[in-house]
Amino acid sequence: HGRPCVLLNVTRGWPAQERWGSSEKFVRAHGTVPFKVSRDEYGSPLRLSIRAYVDLARSSEADSPWYLFGDDFEGPRAALARDYAIPRLFDGADALNCSPLAREFM
C-alpha cells in the first residue's frame, strides 16, 4: 500500500500508439471530435474540435491555457475509446467515482 510502481507494456497493441503518436497524427485521426475546454459566462460548455484546439495551442502564448475535458466516450468521442483498452489492473475502476465532487468540473 502506498508504494509507487511502473506499469510496463500496458499500451502494447493499442491503435493509439500510432494514431496519437504526434499532434499531426491525432488531428488526422480525430480532428473533428469535439471536447469541452471551458464554460462560458452562462455556465454552458464551450467546445472545440481537436483540430481547433491543436491550432489554438500552437499559436497561443496564454498563461492559463485551456485543457480538453471529456467525461464520456460516447457519440463523436466513441472512436477515441476504440484506440485503447483499460489495463486489466484497472478494469471496472473509475477514479472519477472516488468522490462525489470529482465529476463536478467535467
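Which residues form a nonpolar patch on the surface? I began my notes with this, bearing in mind that I was reading a predicted model.

**Entry, the patch.** I found that Leu7, Val10, Ile86, Leu89 and Phe90 make up the nonpolar patch on the surface, and that their accessible area together is about 440 Å². I then looked up one of them, Leu89, and located this residue in the segment after helix H4, which spans 78-81. I noted Leu89 as exposed because its relative accessibility is 62%, and the cut-off for exposed is over 50%.

**Entry, the chain as a whole.** I counted 4 helices and 2 strands in the secondary structure of the chain, and, reading from the N terminus on, I wrote down the order of the elements as α-α-β-β-α-α. Of the 106 residues in the chain, 16% are buried, while the chain exposes about 8300 Å², with carbon and sulfur atoms supplying 54% of that area. I also looked at contacts between residues at least 6 apart in sequence, and 51% of these join residues at least 24 apart.

**Entry, helix H2.** Which residues of helix H2 are buried? Within residues 23-30, I listed Phe26, Val27 and His30 as the buried ones. They lie on the same side of H2, because the arc that they cover around the axis is only 100°. Finally, I checked what the buried residues of H2 pack against, and I recorded helix H1 (16-19), helix H3 (50-59) and H4.

Conventions. Residues are numbered from 1 along each chain as its sequence is written. This is a predicted model: local features need pLDDT of at least 70, side-chain atom pairs count only at pLDDT 80 or more; totals for chains, interfaces and linings use all residues. Side-chain values use heavy atoms; hydrogens and water are left out. Patches are made of residues with over 30% relative accessible area and no salt bridge: like charges are joined within 9 Å, nonpolar side chains (Val, Leu, Ile, Met, Phe, Trp, Tyr) within 5 Å. Accessible areas come from the Shrake-Rupley method with a 1.4 Å probe; for residues, only the protein chains shown count as cover. A salt bridge is a side-chain nitrogen of Lys or Arg within 4 Å of a carboxyl oxygen of Asp or Glu. Buried means under 20% relative accessible area, exposed over 50%, partly exposed in between (1.4 Å probe, protein chains only). The arc is that of the directions from the helix axis to the C-beta atoms. Contact means heavy atoms within 4.5 Å.
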